[in-house]
Amino acid sequence: MQVWRVAFILYVVLRYGLDELVLAHDRLGPLRRLSRSLLFWRRFSTPRALRLRLALERLGPIFVKFGQALSTRRDLIPPDIADELARLQDQVPPFPGEEAVRILEKIYGRPLSQVFTEFDIEPIASASVAQVHFAVLKDGKQAAVKILRPEVDRVIQRDVALMLTLARLLEYGFKEARRLRPVEVVAEFRKHLGDELDLMVEASNASQLRRNFSDRRLLIIPEVYWDYCDTRVMVMERMSGTPISQVDRLRAQGVDIPKLARDGVEIFFTQVFRDGFFHADMHPGNIQVAEDGRYIGLDFGIIGTLTAEDKSYLAQNFLGFFQRDYQRVAEAHIEAGWVPADTRSNEFESAIRSVCEPIFDKPLREISFGKVLLRLFQVSRRFQMEIQPQLVLLQKTLLNVEGLGRDLDPELDLWKTAKPFLERWMSEQVGWRGLIKAVKREGGQWVTLVPQLPRLVHRALEDGVQRNALVGEVARLRRQHHQTQRWMIFLMVGMGLLFGILLALAWMVWMDVPAN
């Protein structure tokens, strides 16, 4: 089966001319000419990016998901290919509803009629990893049931193993391919797929987001029904809303579209700078709008997380960029350890200025945050900065949010909407606000620690005495060792002298014998 799969992949590669993408470098001109002469009947009038997208769709859903993941690595691949791969749709024919029933009954260990009052045999949505059915729980709650496709893990392992083998061959055989780091990209993709194959991970992501937005003022996240969840099935509250892409329908419902656009930006920056935990797959297919204009989030398989250092890095860089303070941006990189400590800040500052100044020649409301971040990644790579996966997810999500916001309202001023979040976050990290926040965060530990101070001080003193005693013992042993060494030297010298005297006496006796 693996041999046939490899043969099919090679056929698709040649059918869509993907070999020319690999052989495009000038140094590989002879190989490219040989390939064209052997396959002289091929004629390609379509752009390379379109051919790549069509080839991935032909290879199947796992390759489609790989193309989607690759589209986020705009720091590695050309813009035309990234734009085309972003159009890939993860939609595949559903597997039979009867098979879904069989899987669920095996998981629950009882007939499905004992679990749900109603279960729609026809799926409402289907993708490469799972599909969704509507159901009604025994207590009358409307639910959505997400079920992994049968044997999807075997299919994923097979195709990802082939991708990894191909990536290794590319790195080994083509020096130019190493810049794209194909093995690392495939390994990162395999990790994300592994998370998607465990629906308990997705359920916990949804639960955390729901807790973060518990006020439900801007964003509604479905409740997870944990008693019905398993690694292969996720049961959650059924959501009812209008897809955000249906703008005319939203207007007819009386939704304030400009406010909807601003709310989307606010939701994103709240997730990033308040929570450090963000939905990293915010394309229109995963977002609906309730009748009252609030967002409804769906599909929580891909989540990004940011540390306090990540958030500080982003806030300082965004503020530095929009104030054109490139020295601040360069120093922030060096201080955070994102680039080597021996990097010359003035050279780094000059490189950042050369690529970013053209961006800021336009009004702020027309500037793309995502493209600013992408430019930063591109110039930073020249100074050996290793781009972190969470920042790549952030940049991809930021592009999605910007595109969605400006589709809703072309006049949306992203900077005006985001600036208060950046400034508020910075003010909370430094100055008296930062001090108060730190006291609140650490105060509980201090209350516990203060009564223990006398005992801890006594223990420290005892440890100091013991440490001094240990140091004294080590010094004594060192002196003893040196004394032993001196005695050994004395004995060896004495034995050498004695041995010399004995040899001399023996020689004298030997010399006297012939005389007698």
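In this predicted model, R53 is a buried residue, with a relative accessible area of 11%. R53 forms a salt bridge with E57, and the closest N and O atoms of the pair are 3.2 Å apart. E57, by contrast, is partly exposed, at a relative accessible area of 35%. Both residues belong to helix α4 (residues 48-59), where they are 4 residues apart, about one turn of the helix. An α-helix has 3.6 residues a turn, so residues three or four places apart point the same way. The pair is also part of a network of salt bridges that links R53, E57 and E84.

**Further salt bridges**

The structure holds 17 salt bridges in total. Side chains of opposite charge can pair when their charged atoms come close.

| E57 | R53 | 3.2 Å |

R210 is partly exposed, with a relative accessible area of 26%.

**Helix α9**

Helix α9 spans residues 182-196, which makes 15 residues. From its first C-alpha to its last, α9 reaches 21 Å, close to the 21 Å expected at 1.5 Å a residue. The buried residues of this helix are P182, V185, V186, E188, F189, L193 and E196. Because these residues cover an arc of only 160° around the axis, they lie on the same side of α9.

**The four-stranded sheet**

An open sheet is formed by 4 strands in the order β5-β10-β9-β7, with mixed pairing. Its edge strands are β5 (219-220) and β7 (242-243), each of which pairs on one side only. Strands of a sheet pair through backbone hydrogen bonds, either parallel or antiparallel. Strands β9 (residues 287-289) and β10 (residues 295-297) run antiparallel and are joined by 3 bridges. Opposite I296 in β10 stands Q288. Helix α12 (residues 257-275) lies across β5, β9 and β10, and runs at about 45° to β10.

Methods
Residues are numbered from 1 along each chain as its sequence is written. This is a predicted model: local features need pLDDT of at least 70, side-chain atom pairs count only at pLDDT 80 or more; totals for chains, interfaces and linings use all residues. Side-chain values use heavy atoms; hydrogens and water are left out. A salt bridge is a side-chain nitrogen of Lys or Arg within 4 Å of a carboxyl oxygen of Asp or Glu. Helices (H or I, at least four residues) and strands (E, at least two) are DSSP runs, numbered from the N terminus. Buried means under 20% relative accessible area, exposed over 50%, partly exposed in between (1.4 Å probe, protein chains only). The expected span of a helix is 1.5 Å times one less than its number of residues. The arc is that of the directions from the helix axis to the C-beta atoms. Two strands pair if DSSP finds at least two bridges between them. Contact means heavy atoms within 4.5 Å. Axes are lines fitted to C-alpha atoms, for helices over the stretch in contact, and angles run from 0 to 180 degrees between N-to-C directions.
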